[in-house]
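Subject: Structure for you to look at

Hello,

Here is the structure I said I would pass on. Please open it beside this email and follow along.

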Amino acid sequence: MGVDEAKRIIVNHFAQAARRFGFNELYGYIYGVLFLAREPMSLGEIAEATGYSLSHVSTALKFMERIGLVVRIKKPGDKKAYYRATKLLKDWRQAAYYMKIMEDIRQTRANLERALKELEGEEGEEAESIRESITFAMGRNALAERILKFLIEHEDEKVLESLINCLESDGKR
């Protein structure tokens, strides 16, 4: 029961993560099954393992391949396509939520810029207070974008660990 339960926990984790970040839970189930698989799996094997239809799994795999979560493999002498997970949790995080967060940052910037434009020519205490709030939010939003870009662009765990150590030690001075 331990191995099966461990597998169930991992697969359900990916399904829940997919749901949390606005993806169909099927993407999470497929990724979880492939993440744990020792060998690449065929469309039929993935459909059987997830309990979803061949057409649903096929559509999901095409999307997942396009965003880099799975890789399609052809075996010599075999007409079937096989799939494997990228095995890099960074890729899953990036596709599942870094891009969602980045989109939110971009939308926030666009809305703040629109609001600031609406204040052009406006004077008075309230307009100035709103301008200050918008300027502050734009600065924080730009900082969040820089941090997220850094996380996306730096795959080396040592670089990220050094950054965290630097940030943590800075607070102790």
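E25 and R19 form a salt bridge, with the closest N and O atoms 2.1 Å apart. A salt bridge here means a side-chain nitrogen of Lys or Arg within 4 Å of a carboxyl oxygen of Asp or Glu. Side chains of opposite charge can pair when their charged atoms come close. E25 is partly exposed at a relative accessible area of 24%, and R19 is partly exposed at 41%. Buried means under 20% relative accessible area, exposed means over 50%, and partly exposed is in between (1.4 Å probe, protein chains only). The areas come from the Shrake-Rupley method with a 1.4 Å probe, and for residues only the protein chains shown count as cover.

Before going further, some notes on the source. This is a predicted model, in which local features need pLDDT of at least 70 and side-chain atom pairs count only at pLDDT 80 or more, while totals for chains, interfaces and linings use all residues. Residues are numbered from 1 along each chain as its sequence is written, and side-chain values use heavy atoms, with hydrogens and water left out.

Salt bridges

How many salt bridges does the structure hold? There are 7 salt bridges in the structure. One of them joins the side chains of E5 and R8, at 2.5 Å from N to O. Both residues lie in helix α1 (residues 2–20), 3 residues apart, which is about one turn of the helix. Helices (H or I, at least four residues) and strands (E, at least two) are DSSP runs, numbered from the N terminus. E5 is partly exposed at 26% relative accessibility, and R8 is partly exposed at 42%.

R72 and E65 form another salt bridge, their closest N and O atoms being 3.2 Å apart. R72 has a relative accessible area of 46% and is partly exposed; E65 is partly exposed as well, at 27%.

There is also a network of salt bridges that links R109, E145 and K149. K149 sits in helix α6 and is partly exposed, at 37% relative accessibility. Between K149 and R72 there are 77 residues of separation in sequence and 28 Å in space, C-alpha to C-alpha.

Why does the length of helix α6 (residues 125–153) agree with expectation? At 1.5 Å a residue its 29 residues should span 42 Å, and its end C-alpha atoms are 42 Å apart, so the two agree. The expected span is 1.5 Å times one less than the number of residues. The buried residues of α6 are A127, I134, N141, E145, L148 and I152.

Helix α2 (residues 25–36) has 12 residues and reaches 17 Å from its first C-alpha to its last, close to the 16 Å expected. Of its 12 residues, 9 are buried, so α2 is largely enclosed by the rest of the structure. These buried residues are L26, Y27, G28, Y29, I30, Y31, G32, V33 and L34.

The negative patch and other places

Which residues form a negative surface patch? They are D156, E157, E161 and E168. Patches are made of residues with over 30% relative accessible area and no salt bridge; like charges are joined within 9 Å, and nonpolar side chains (Val, Leu, Ile, Met, Phe, Trp, Tyr) within 5 Å. Lys and Arg count as positive and Asp and Glu as negative, while His and the chain ends are not counted. The place of a charge is taken as NZ of Lys, CZ of Arg, CG of Asp or CD of Glu. E161 lies in helix α7 (residues 157–170) and is partly exposed, with a relative accessible area of 46%.

Is E118 buried or exposed? E118 counts as exposed, at 63% relative accessibility, and is placed in helix α5 (residues 89–118). V70, in strand β2 (residues 70–74), is buried at 3%.

Regards
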